[in-house]
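Reader: I have a new structure to look at. Can you walk me through it?

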Amino acid sequence: MMIGIITDKKDANIEKLEKAFEEKNIPATTYSIGRLALFTRDVESVLMYGKERVDISGALIRAEPNLAQFVEPLVDILISKGAYCNIRPNAYYTLSNLPLVYAMLNSCKIPITKTHMVATIESLENAIERFSFPVIIKVFVKNKKTQSIVIDSKRGFSSFIKSIKGKVDAITLQEFLEGDLTYVAVVGEKTFAVKRKWDKNRFEHQKKKRPAAISETESKIAISALKNIGLDIGIVKLIEGKVVGMRPYIDFIEFEKVLGKNVALTVAEYCEAWLK
């Protein structure tokens, strides 16, 4: 039984994960995603790391969503060989397209901040009539977010419209929620939470994170949000019980600093249960 930790960068969080597997006596090897290569011979596909063949029972992939073109083929080959993977096929393609994330969550009846997606400035001008200020507007070109701005008045909206130059592929218009921003770390069916309190006077979230107590409903929302995107492990951001963002990995160092809990060890235990 061998676990492969596949990452786009080796940092303190990866070292924390390596130590967690060592503590659980689970053999684990870390691979740089950029050095992995997929070879196909006849009908067999082989995963190589330099000159060495990669033979693992399960994989934990920790990488940014913009690396979907590298991650997705890995997920396909791992699953085809019967190995456990914390990511399902197409999850990273979805995560790399934020408007698609909101659409998918909404179709699964997972509470999200009120969101309207349009493809043209004219449609945006019509959609704004159904919102109250302030709002958040995000502009996307080729699935990449190029602008994100909070607008608090019709005058500000008019100025924003005039500032748009060139072609856009998608625009999201969202209600602006004033409330504590909660980061829910999900590991299978377990959750851990920290929060950044909302500062009404500064009209922003405080930088300092502190422990957060979430309801059973909020815990279920976070778990369901990740599962529907295709992830077993990750972070879901909530404000007033609504999903406002997510990412496919956990900052173990940060959570241990705030909560005093070794979430990386929980990940190792979760993988151990899957591999039995």
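Predicted model: local features only at pLDDT ≥ 70, side-chain atom pairs only at ≥ 80, totals over all residues.

Reader: Okay. Which elements each supply at least two residues of the lining of the largest pocket?

Author: They are α4 (98–107), β9 (135–141), β10 (144–151), β11 (170–175), β17 and β18 (242–247).

Reader: What volume does the largest pocket have?

Author: About 950 Å³. Its lining has 36 residues. Nearest its centre lie L98, Y102, K138, K145 and V244.

Reader: How do the lining residues of the largest pocket divide?

Author: There are 19 nonpolar, nine polar and eight charged residues.

Reader: And the second largest pocket, how much space lies in it?

Author: About 160 Å³. V46, L47, R53, V54, D55, I56, I77, L78, K81 and A83 line the second largest pocket. Two elements give two or more residues to that lining: β4 (44–49) and α2 (68–80). By class, the second largest pocket has seven nonpolar, no polar and three charged lining residues.

Reader: Now cavities. How many of 30 Å³ or more does a search of the whole structure find?

Author: One. The largest cavity holds about 90 Å³ of space.

Reader: Which strand gives the most to the lining of the largest cavity?

Author: Strand β6 (residues 58–62), with three residues. The residues lining the largest cavity include L60, I61, R62 and V267. By class, that lining has nine nonpolar residues, one polar and one charged.

Reader: New topic: helix α9. Why does the distance between its end C-alpha atoms agree with its residue count?

Author: Helix α9 covers residues 263–275, which makes 13 residues. At 1.5 Å a residue they should span 18 Å, and the end C-alpha atoms are 19 Å apart, so the two agree.

Reader: What happens at the start of α9?

Author: A side-chain oxygen of N262 comes to within 3.2 Å of the backbone nitrogen of A264. A264 is also one of the buried residues of α9. Others among them are V267, Y270 and E272.

Reader: Last one, I239. Buried or exposed?

Author: Buried, because its relative accessibility is 6% and the cut-off for buried is under 20%. I239 sits in strand β17 (residues 233–239).

Reader: What is I239 in contact with, leaving aside neighbours within four places in sequence?

Author: L177, G179, D180, L181, H205 and V244. Take L181: I239 and L181 are 58 residues apart in sequence, yet their C-alpha atoms are 5.1 Å apart in space. V244 is also among the residues nearest the centre of the largest pocket.

Terms used:
Residues numbered from 1 in each chain as written. Heavy atoms only, no water. Helix = DSSP H or I, 4+ residues; strand = E, 2+ residues; numbered from the N terminus. Buried < 20%, exposed > 50% of the residue type's maximum accessible area, 1.4 Å probe, protein only. Contact = heavy atoms within 4.5 Å. Expected span 1.5 Å × (residues − 1). Polar contact = N/O pair within 3.5 Å; in protein donor to acceptor, adjacent residues only side chain to side chain. 1 Å grid on protein atoms, 1.4 Å probe; cavity = no way out; pocket = protein on both sides within 12 Å on 5 of 7 lines; lining within 4 Å. Points joined across faces, edges and corners; volume = space filled by probe spheres on them. Nonpolar A, V, L, I, M, F, W, Y, C, P; charged D, E, K, R; others polar.
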